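This report describes how secondary-structure elements are arranged in a predicted model. The sequence and structure are shown first.

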Amino acid sequence: MVSYKIYVKNLVRKLKNSGKRKKEFYESYKEICAKHKDDWKPVTRDELKGCDKHDKYTYTVAKNMGDPANGPLSDYVTPYQYCHEFLPRLSEINHTLAGRRIDSLFTDKNYFGILFPDLLQPVTVLRRMGGQYFDVDYRPLTKEEALEKVSAYDQLVFKVSRGSRHGYGVSLIKNEGDNYEKALKDYGKHFIVQEVLRQHESTGYFNSSSVNIIRMTTLNWKGHVYVLHAKLRIGAPGSFTDLGVTDRNPLELVINEDGSFGKIAYDFDYAGTTYPDVFGKEIRGCIPDFPGIVTRITAAHMRFPDYGIIGWDLAIDEEGRMVLIEANSNCPAVFCAQCMHGPFFARLSADGRPLKDEIMSKPLNYDMKVF
């Protein structure tokens with residue numbers, strides 16, 4: 001009988017060589033470029049030297065959305081390269097095809113209270129884990145006790161604790177009629193209930209209906225943690241989350257090292273559109289104590305060396321304090337972030353070499369660890 005490790009190893013190699021996911025990336029960026037065929041400049045042959053020739057559409061996006069000062073297009077890591085070549089080298093935990101993990105310490109938001117006890121988080125009212133109800137301190141509750149606990153609040157935020165993405169599975173529910181009782185049933189076996197977070201003026205200014213989130217991407221490599229990217233995601237007017245589905249896409253702003261915002265707003269779906277304002281509001285202000293936020297997040301990532309790259313979602317409460325919303329180790333987005341901040345891995349490491357060269361020099365390991 002073929003062992004599970006060998007089976008997965010062969011499956012990964014078979015799918016990697018099939019080019020299926022590469023075709024998906026290619027078609028996605030081809031659509032974006034087709035939309036802008038009249039106003040975008042195509043990449044030249046000279047610019048494509050050293051680039052993956054099959055990803056010219058991806059590099060076209062980089063050329064037109066990125067800053068020319070970021071350097072040659074060959075420094076950009078395409079989504080396909082990121083998933084197949086970089087992620088398997090950056091993390092030691094359970095990989096499957098395309099470098100995506102099927103297991104992670106950060107899969108369930110209900111465990112963040114244990115994993116990050118030193119980081120401020122939204123006030124938790126109720127947890128459901130494996131079909132069992134718990135209070136904030138992980139003490140078991142009956143269904144009746146759970147309903148009584150949430151009923152003490154006028155409104156609460158219900159979140160799917162596993163597998164939620166792009167704001168899906170997050171709802172603001174009011175204590176009207178049987179809303180809470182219905183939510184306890186409809187949200188299944190894995191969810192978390194929290195108080196509504198009141199955000200700081202610096203982020204709420206752009207849109208007060210949504211809790212606008214800082215996404216910070218960090219790299220833990222050879223005993224050093226690097227901040228690759230930081231941006232503010234702003235929900236469209238009327239949306240409760242920063243990634244809610246409305247008739248208008250959310251917008252994103254670069255966050256500079258000092259916490260100030262870049263002067264251009266980007267489409268969330270990177271359809272190639274930029275704006276001089278955010279839903280008609282002037283771009284101004286900054287994130288309070290942003291260097292302090294960087295210090296706390298890099299220290300947190302240092303404790304998890306098996307997870308080479310993590311995307312942190314953070315909010316700023318009304319008192320100006322950083323609040324951890326979630327940590328994402330399952331393929332944090334890379335390419336669109338590079339259009340905002342420049343190539344992720346072109347910077348120098350602590351050893352003075354480009355991070356890209358150091359990472360790519362590490363042998364690939366397709367084996368899956370089974371626990």
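## Basis of the description

Axes are lines fitted to C-alpha atoms, for helices over the stretch in contact, and angles run from 0 to 180 degrees between N-to-C directions. Helices (H or I, at least four residues) and strands (E, at least two) are DSSP runs, numbered from the N terminus.

The model is predicted, with local features needing pLDDT of at least 70 and side-chain atom pairs counting only at pLDDT 80 or more, while totals for chains, interfaces and linings use all residues. Residues are numbered from 1 along each chain as its sequence is written, and side-chain values use heavy atoms, leaving out hydrogens and water.

## The α6–α7 pair

Helix α6 (residues 143-150) and helix α7 (residues 179-186) have axes that come within 10 Å and cross at roughly 130 degrees. The two helices are therefore oblique to each other, the class left once angles under 35 degrees (roughly parallel), over 145 (roughly antiparallel) and 65 to 115 (roughly perpendicular) are set aside.

In this pair, Ala146, Leu147 and Val150 of α6 meet Tyr180, Glu181 and Leu184 of α7, where contact means heavy atoms within 4.5 Å.

An open sheet of 7 strands runs in the order β11-β10-β9-β8-β7-β14-β15 with antiparallel pairing, two strands being paired if DSSP finds at least two bridges between them. Its edge strands, β11 (274-275) and β15 (322-328), each pair on one side only.

Strand β7 (residues 213-221) is joined to the antiparallel strand β14 (residues 309-316) by 6 bridges, and Ile214 has Leu314 in β14 as its bridge partner. Helix α9 (residues 290-302) packs on the sheet, where it touches β7, β8 (224-234), β9 (251-255), β14 and β15, and its direction makes about 45 degrees with that of β7.
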